[in-house]
Structures are given as C-alpha cells and as structure tokens.
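Here is a short note on the salt bridges in this model. Please read the points alongside the sequence and the 3D view.

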Amino acid sequence: MPLSSKNLLLIRLLLVLSLVTGVLPGFSQSNKKSIQAIRTDETIKIDGILDETIWAGAPVAEYFIQQRPYNGAPASLPTQVKYLYDNSGLYVGAIMHDPSPDSILKQLGLRDSDNLNADYFTLMLSPFDDGLNAFAFRVYASDVQTDYKVSSESDFHTDVSWDAVWQSKARITEAGWVVEMKIPYSAIRFSKTEIQTWGMNCQRDIRRTRELSSWNFIDAKVEGIVNQSGLLLGIEGIKPPLRLSLTPYVSGYVEKNPDYKEWQFSYNYGADLKYGISQSFTLDMTLIPDFGQVQSDDQIYNFSPFEIHYSEKRQFFTEGVELFDKGGIFYTRRVGNTPEDYHEAYQNLDSNEVVKENPTQTRLINATKVSGRTSKGLGIGIFNGISANTWATIRDTVTGENRRLLTQGFTNYNMLVIDQALKNNSYFSLLNTNLYRADNGYSANVSGIDFKFANNSYSHAVFGNAFVSQKYYAHDAPEFGYAFNWTAAKISGNFKYAYRMEVQNDTYDPNDMGFNSQNNRVENEISLEYNIYEPFWKVLDWYNELSIEYNTLYTGLNYTSFTVTGSTRTNTRKYLTLGANFEIHPDAYDYYEPRVDGWKYNSGGYLYAGGFTSSDYRKKLALDTRIGVAYSSRYLTSYYELNLSPRFRATDRLFFVYSFYIDHLNNDAGYVMDSIDNAGSQVILFGRRDVQTITNVLEGNYMIRSNISLNLRLRHYWVWAHYLSFYKLRPDGFLDPTDFAGNPDVDYNSFNVDLSFIWDFAPGSQISFVWKNAIYTQDNQIDYSYFRNFENTLGSPATNSFSIRVLYYIDAMYFKKKKKTG
C-alpha cells in the first residue's frame with residue numbers, strides 16, 4: 001500500500017536520526033532480526049497487487065540497512081516485506097517505495113541473469129538456519145526471475161545454475177514497485193518439525209544509485225552473508241510435500257560434419273527425474289541425457305605441458321553440486337569426456353584403412369545425484385554416472401568391410417561426500433571419488449577430508465584439506481600419492497592476513513575424476529589485505545592485497561619460483577571501477593616445460609604491471625578495459641596485452657557485448673621436441689618465438705518477451721607462433737644455440753557461432769532452437785594479415801548443427817491436487 005508524502009518524510013527523518021544515534025528501530029548489529037509469518041486460508045493470487053485481505057494484518061519487515069555504498073547506514077528508500085504461508089508454500093509481498101517510479105531501471109534479460117540494469121528484490125532462505133547454505137529467489141523490476149544457491153563463504157560463491165519452479169510477479173506502481181512471490185515447499189528443503197525456524201534475509205538493489213541494502217545487516221567487514229541472516233518465525237504445522245517431478249525431453253538434430261559428405265539426422269529422448277526421498281534429501285537423475293545444445297567451448301591452442309581446464313556448462317553437472325565441489329577433487333567434465341583411447345583409432349591403421357566414425361565423447365547412459373542436509377547439519381551427497389562402451393568404426397576402402405575398435409569401455413564414476421556443519425559457520429567433510437573401467441579392470445580412488453574451523457567471533461579461521469590418491473591395475477602394482485593444504489587466516493575486519501601451505505608428492509594423481517595441473521610441489525604463501533569499506537574522499541571503497549609465495553619441488557625440495565604480487569581496486573563515487581596489479585618474478589626453474597623427467601629450464605625472471613577500468617553499467621554505453629606489460633632482461637623477452645569490451649544497451653530488450661583481446665609475446669622460449677641422438681643421449685629442443693593471440697567475441701540478446709529470447713554468441717580465436725632460432729636445453733637449465741631444419745610454426749583458428757531461440761512456455765518447461773557452427777584450422781604457414789586469415793577461416797570446412805529440443809516439467813503435486821478436487 002502506498003505511503004503518503006508526509007509518512008515518507010517521517011520515515012526518512014527516523015532513518016537519519018537512527019544513523020546519527022547509531023540505533024536502528026528493531027535492530028541490533030549484535031542480534032538477529034526476526035519477523036513472523038502468518039498462516040492464511042485465503043487464496044493468494046500472484047499478480048503483484050497484494051489486494052487480499054490477509055496482507056493487511058501481516059507483520060512488516062522493514063528498516064533495511066545498506067550493504068553499499070554506505071555499509072551500515074539506513075537505506076535511502078523504505079522497503080516493507082510481509083510473509084504468509086499455507087500448506088503448499090510461503091508467500092512474500094514486498095513493497096519497494098520510490099518517489100520516482102519512472103526512474104526505476106527495468107532491463108529485460110534471460111532467466112537467471114545476474115547483472116541486469118534493473119532494480120531487484122532478493123529473498124534468501126536458510127531453512128536449517130545453519131549459517132552455511134541458503135536458497136535465493138530474485139525478481140527484477142522487469143519481472144525477470146533468477147534463483148540460485150548461496151554458500152557459506154560469500155555472495156560470490158553461488159550456484160546460479162540451480163533452478164526451482166516458483167511463481168512471482170513484479171509490478172511498477174505510482175509509489176514505487178511491488179513484488180509478490182510464492183515459494184512452494186517443494187522448491188526448498190526443511191526439517192520435519194512442528195515449529196519451523198528459518199534463517200532469512202532480503203536484499204533490495206536500487207540500480208540507478210547502485211545502492212544495495214538488506215533487512216538484516218550484512219557487515220562488509222565480516223566474511224559471508226548467509227551467517228548474517230535474520231530469522232523467519234511463525235511457520236507451524238506444515239509438512240514437507242511430495243517432491244516428485246519428471247522433465248521428459250525429445251530432441252532432433254540435422255548435422256553436417258566435414259568428415260562426411262552427407263547431412264546426418266538423429267533424435268534423442270530422455271528425462272530428468274527429481275524425487276524427495278525425505279524432507280531433507282533429494283534424488284536427481286538424468287536418463288539418456290542430451291547435451292548437444294550446450295554452448296561451445298572457448299577452445300584455445302595449448303603451448304603448455306598442462307591440460308587445459310574448460311568450465312562445465314551442462315546443467316545437470318552445474319546444478320545442486322555445492323557438496324560435490326568440496327575439496328576440488330571432482331571435475332565433472334571427466335564424465336562423458338573424450339574416450340580414453342580416442343587417438344588409438346588413428347594409429348596402426350593399414351594402408352587401405354580409414355577411420356569412418358570416432359565419437360569425441362563417451363555416451364552417458366545416466367547420472368544420478370542424491371544430496372541433502374539433516375536438521376542436525378549433516379550433509380550427504382552421492383553421485384554416480386555410467387557411460388556405455390564407446391566404439392570407433394574403421395573401414396577397409398578396398399573390401400568395404402568395417403571393424404570396430406573399443407576406445408573406452410563401460411565406465412562407472414562415483415563420488416561420496418559426508419559434510420557436518422559445525423558452530424561458527426565451520427564444517428568438517430569426508431570425501432571419496434572412485435572410477436572403475438570394466439574392460440581392463442582399472443580403478444582409481446581419491447579419499448580425504450575438507451575442513452574449516454572458525455572462532456566464536458568469526459574473526460579467525462583455519463581451513464584446508466588432505467587427500468590420498470590410489471590407482472589399481474589388473475596386472476601392475478598399485479600407485480599411491482598424497483596431498484594436503486591448509487590456511488590459517490584472519491578473515492574479518494579491515495586488515496586481513498593469511499598463511500597457506502600446500503604439499504603434493506610426486507605420485508599424487510586425482511585426474512581420473514578430478515583436475516590437477518601438476519603435482520610434486522610444495523607451496524608457501526603469505527598474503528596481506530587492507531580494505532576500506534566506507535566511502536571517503538572520491539571513492540566508495542578500496543581493496544588492497546599483497547602476497548609473497550615461495551615454491552619448491554616435493555622431491556628434494558628443489559627451488560622452482562619466488563613471486564611477489566600486489567593488487568589494488570576501488571569504486572569511485574561516479575561508479576567507475578579502477579584497479580592495478582603487479583608481479584615480481586625472480587629467476588625460476590620450470591621442471592615441466594622440458595617434458596622429460598629430471599630436466600629443468602631456467603625461465604629467467606620478469607616484471608609485470610597491469611591495470612583495468614570498468615565504467616558505469618547503468619549507461620547505455622559502457623566500457624571495460626585491461627592493459628598489461630611485462631619484461632624479462634635475461635632473454636630480452638617482452639609482452640603486452642590489451643582488452644577492450646564495450647557494452648551497448650540499445651533498449652531494455654536489446655543488449656550487446658563485444659570483447660576484443662590481443663596479447664603479443666616477443667622473443668619467448670619454449671619446448672619444441674625431444675629425442676634420443678645417435679650416441680644415446682637425451683636431446684631437448686627449445687625455440688625462441690614470437691606469439692600473438694587475438695580473440696573477438698560478440699554476444700547479443702534480444703528479449704521478445706520476458707520468457708522468449710533470441711541469443712547470439714560469436715567467437716573467433718586466432719593464435720600464431722613464429723620460431724626465430726633454436727636451442728638445445730642443457731642439464732643446468734640454460735640454452736645452447738643449435739641448428740634445426742624443421743618448421744614448428746603454428747597458425748591456429750577457432751571460430752564458433754551459437755545462435756538460439758528460447759521460449760520458456762510454462763514453469764520449468766522450454767522449447768529451444770539452436771544453430772551451432774564450428775570451424776577449426778591449423779597450419780604451419782602464417783598469414784600475418786588478420787582479415788585475410790579470417791576470410792580463409794570462413795572458407796574452411798565447417799561443422800553445422802541445427803537442433804530443436806522440447807522439455808516439459810511435470811509435478812506430481814498437480815495430479816495429487818487434481819485427484820483431491822475431482
């Protein structure tokens with residue numbers, strides 16, 4: 001209900017008085033706020049009007065406190081929130097008062113957008129009130145939904161891929177704007193008790209002033225936000241509902257691959273199943289999944305000796321995985337990845353044989369997750385995935401006969417997590433991953449612990465993990481390795497500090513299901529932070545960090561590197577973000593670049609300095625920039641990088657982001673090849689090279705309606721490396737000139753187009769049309785003209801895929817209600 005101008009003035013005077021006196025009505029920074037929800041038997045229509053009689057008598061949660069820019073000050077505009085509940089869900093009515101409703105920003109965007117140029121209201125619920133985990137439901141003033149999970153560390157540790165089915169409606173009014181929400185109990189998890197006590201907080205963002213406020217104060221000096229929630233009381237006599245839903249899908253593909261002359265047609269069908277095993281635990285299962293419409297990877301050329309880490313984009317493996325992320329030993333891209341013996345299909349071919357078909361991914365039959373947390377704070381997570389035999393088909397071009405080669409046999413992937421939440425937002429976890437391949441009897445196992453212990457005031461903490469890796473072979477001796485790391489830190493206040501130590505022995509290997517770029521290392525790091533959270537002078541805040549790191553091998557504790565890094569970042573009162581960083585690297589020894597055990601390369605020291613800017617995203621045109629330079633005197637190596645990324649919001653429906661990135665490495669040295677000479681001696685060849693990378697990315701989004709969108713992502717990546725001279729690596733790590741007649745130059749292009757039309761035609765249901773185009777080229781003849789190179793790339797053979805997918809969300813509660821009313 002709108003406030004009169006007189007009442008609005010009185011509220012503002014009260015807020016100003018509270019700022020001066022340091023006393024906020026109904027709030028103490030040392031205590032949690034609480035608010036009562038009241039039961040309703042009245043039917044609530046989610047229309048953003050709040051005209052049902054029951055709303056008038058509901059208690060009001062108000063007096064929001066700023067998170068930024070003035071942390072701890074009263075919010076500049078009043079917000080009032082009321083809570084109702086019945087046997088099916090929680091209802092939320094939020095009134096965001098604003099004397100200038102025509103100035104409320106309301107950009108449209110995709111569901112789960114996290115950076116729209118629009119005001120928003122967020123509800124965070126922690127039904128177990130453990131201070132560690134919360135469900136978040138956000139509604140923008142443009143009526144766009146976003147939901148995610150928040151972990152214990154901070155608001156940046158979120159699982160945006162988590163999707164629930166809930167209702168909301170945002171409406172602009174003469175007095176501001178209103179959000180009405182219904183959160184079905186099936187969307188969250190809570191204990192089976194008569195009287196519920198939930199952790200709860202609300203946030204309001206006023207986009208035009210960049211003000212973020214919360215109902216229960218969130219102190220910027222204290223780490224985490226879930227632990228700074230208030231309490232939602234009054235919910236009694238409810239029972240966790242039947243949580244059973246099925247989302248079947250059907251998809252069809254028309255694809256053209258350069259390796260095949262004809263277009264190929266295929267279809268898939270399967271389903272995702274969610275079942276609430278109990279009030280606390282949920283089973284998630286995907287049966288015969290289809291990931292063909294997932295956004296293309298940003299592929300790059302790998303000059304390093306290490307595997308490239310690509311982010312996970314498959315929804316089943318990004319949604320609800322907060323337990324499985326603990327310890328960092330589960331890299332979900334291993335499940336359904338490239339077959340283990342993919343390249344063997346191209347080896348040992350007869351002269352008249354060709355590879356007719358060789359799948360680049362194993363066929364995932366199903367994947368299952370069981371996860372949840374009890375009222376005592378005990379979290380349990382179980383993951384299991386199964387992939388079928390994967391075969392390559394090899395054809396004899398003379399006889400026309402085909403033979404099959406097994407590139408990866410039946411494989412089972414499993415992870416178990418037991419996580420106990422402790423007081424002071426601490427936890428202790430037991431973790432285990434296990435991989436088993438039936439065709440060769442191979443299994444790999446990683447077991448360990450992950451922990452965090454904080455003091456009562458939550459000012460200091462010790463956290464870390466420890467693991468043992470085990471590999472078992474059918475006919476060879478098993479292999480064992482271990483790793484641990486721990487950090488002791490001051491985690492709250494303006495001044496923070498930490499000491500970190502990490503150790504991995506030379507046989508530790510979690511990579512069958514995890515990702516670890518290198519083992520055989522000991523790292524020691526000291527870091528210092530000094531942050532100013534309150535506005536002063538011309539800035540709103542200021543963050544500063546300095547770290548010193550000393551690293552050695554585990555074997556022999558041989559020195560590898562010493563690094564000093566520093567960074568500073570601030571947001572000005574004109575909402576311009578500025579930052580700078582530097583790195584000092586004295587001489588270092590790289591034991592991996594030679595690619596031969598026991599050898600090392602003295603990479604020389606270097607200095608790096610860089611900076612970045614980010615302008616005000618509220619404007620139609622904004623610009624992000626980054627620049628960096630580096631220099632090494634030993635080998636006269638120089639480096640520069642430049643990134644320009646303008647953002648253009650043509651309307652509240654049409655939005656573009658373009659990113660241009662270039663870096664140039666001059667006179668760098670790197671591995672070329674290794675061999676054994678006629679005398680039986682090891683020869684490792686290095687080369688001095690110039691390397692240049694240019695990346696262009698264009699992203700566009702057009703919102704036809706709040707639930708219908710057209711989305712474009714176009715990326716071109718080009719890297720070339722021209723070798724200038726060649727050297728033999730000496731045992732002491734230095735280089736001697738040598739002659740080499742080969743041409744290891746590199747000219748590599750990756751071009752991708754992802755164009756999609758998405759229609760969320762019902763809650764949890766979607767129709768999507770996707771076109772994917774991919775071109776990859778590699779040569780050792782470099783054309784240094786960007787535009788000629790780009791033209792040649794577009795003229796190269798391409799992979800094209802056109803697909804349509806329909807998925808439909810079916811909730812068992814719908815049929816249960818229909819049966820009762822029938």
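1. Start with aspartate 284 and lysine 274. They form a salt bridge, with the closest N and O atoms 2.5 Å apart. (A salt bridge is a side-chain nitrogen of Lys or Arg within 4 Å of a carboxyl oxygen of Asp or Glu.) The pair links distant parts of the chain, 10 residues apart: aspartate 284 sits in strand E17 (residues 281-287) and lysine 274 in strand E16 (residues 264-276). Helices (H or I, at least four residues) and strands (E, at least two) are DSSP runs, numbered from the N terminus.

2. A note on the basis. This is a predicted model, in which local features need pLDDT of at least 70 and side-chain atom pairs count only at pLDDT 80 or more, while totals for chains, interfaces and linings use all residues. Residues are numbered from 1 along each chain as its sequence is written, and side-chain values use heavy atoms, with hydrogens and water left out.

3. Is aspartate 284 buried or exposed? Aspartate 284 is buried, at 9% relative accessibility. Lysine 274 is partly exposed, at 31%. (Buried means under 20% relative accessible area, exposed over 50%, partly exposed in between, with a 1.4 Å probe and protein chains only.)

4. Arginine 715 bridges to aspartate 298, the closest N and O atoms being 3.5 Å apart. Arginine 715 lies in strand E40 (residues 708-729) and aspartate 298 in the loop between E17 and helix H3 (315-318), so the pair ties together parts 417 residues apart in sequence. Arginine 715 is buried at 5%; aspartate 298 is partly exposed at 29%.

5. The structure holds 38 salt bridges. Arg500, Glu502, Arg521, Glu523, Glu525 and Glu549 are joined in a salt-bridge network.
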